[in-house]
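Hello,

Here is the structure we spoke about handing over. My notes on it follow below.

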Amino acid sequence: MEGLGVGSVLLTGCDGGLGLGLLKGLLEQPSPPRHLFAACLDPQGKAINEMALGNPNVVVLPLDVTDPNSIKAAVGKVQEEVGSAGLNLLINNACTTRRSTLATETAENMTLVYTTNTIGPLQTSQAFLPLLMEAAEAEGQRGMSCSRAAIVNISSILGSIGAVEAWEERQDICYRCSKAALNMLTKCLALEYGGSGILCVSVDPGCVTPPLEQGMGPATVEESVQGVLRLLARLSATSNGTFWDWRGHSLPW
């Protein structure tokens, strides 16, 4: 399999879970990225540094997506590394949640989760737009793809208004609403940036821990990662502003 060929990637939320899984999956591609920025809250974390060891193309980057100053510093570091080539792929993966029901949900939870899950990707996308534009405008780049210039927002089927999955098992109002809002952000990004050649999509990785029921979600993070990377490798202009799951199936908003 050809795999996902991309020159530079910034991946947020690499402190654990899916973030680390995606980092590992990108490194295992037939042609790994020349620049792979692993953004995390704790750049001294053991797991991420063990993965970066022996991989000179990995730059462990401190990044708090809720802090504009942290984002600005990260942009500067990425710019130093990629130069005029720009940034090809931004994966907004950083995420948080609080378990809740409609009866127990609070304004505090809603604010906390929205700040990371919705405002974080907005601020990060805004800040890295100049570097994404540089990549989109690079000589020889045609069409829309994750190899050229793209923003991938890691969302969730739980944020789908059309599907409304697993309501009885997991209400989590703050999480659902934040991901529904993230999906609208994806659509807005696609409308605004698509004309510049930047592809924007939402992707549900399907990682449900613990599993809601037998057969829901991938068996492992590895399976999810493989599916997500296969999907990213085949996205094109017709995919701009759409919502997908890790199996490569289109999802309802």
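**Helix 4 against helix 5**

In this model, which is predicted, helix 4 (residues 107-136) and helix 5 (residues 173-193) have axes that come within 8 Å and cross at roughly 20°. Helix 4 is therefore roughly parallel to helix 5. Their crossing is right-handed.

The contact is made from the helix 4 side by Asn109, Met110, Val113, Tyr114, Asn117, Thr118, Pro121, Leu122, Ser125, Gln126 and Leu129. On the helix 5 side, these meet Ile173, Cys174, Tyr175, Cys177, Ser178, Lys179, Ala181, Leu182, Leu185, Leu189 and Tyr193. By class, the residues of this contact are 15 nonpolar, six polar and one charged.

Helix 1 (residues 17-27) has nine of its eleven residues buried, so it is largely enclosed by the rest of the structure. The buried ones are Leu18, Gly19, Leu20, Gly21, Leu22, Leu23, Gly25, Leu26 and Leu27.

Strand 3 (residues 58-62) is where valine 58 sits. Is this residue buried or exposed? Valine 58 counts as buried because its relative accessibility is 11%, and the cut-off for buried is under 20%. Leaving out residues up to four places away in sequence, valine 58 touches Leu27, Leu36, Ala38 and Ala52. Leu27 is also one of the buried residues of helix 1. Proline 33 lies 25 residues from valine 58 in sequence, with a C-alpha to C-alpha distance of 8.8 Å.

**The aromatic pair**

How many aromatic pairs does the structure hold? There is one. Its members are phenylalanine 243 and tryptophan 253, which are stacked at 5.5 Å centre to centre with 15° between the planes. The pair links distant parts of the chain, ten residues apart: phenylalanine 243 belongs to strand 7 (residues 242-245), and tryptophan 253 to the segment after strand 7.

Regards

How values were computed:
Residues numbered from 1 in each chain as written. Predicted model: local features only at pLDDT ≥ 70, side-chain atom pairs only at ≥ 80, totals over all residues. Heavy atoms only, no water. Phe/Tyr/Trp six-rings, centres within 6.5 Å; stacked < 30°, edge-to-face > 60°. Helix = DSSP H or I, 4+ residues; strand = E, 2+ residues; numbered from the N terminus. Axes fitted to C-alpha atoms, helices over the stretch in contact; angles between N-to-C directions. Parallel < 35°, antiparallel > 145°, perpendicular 65-115°, else oblique. Left-handed = near helix turned anticlockwise from the far one by under 90°. Contact = heavy atoms within 4.5 Å. Nonpolar A, V, L, I, M, F, W, Y, C, P; charged D, E, K, R; others polar. Buried < 20%, exposed > 50% of the residue type's maximum accessible area, 1.4 Å probe, protein only.
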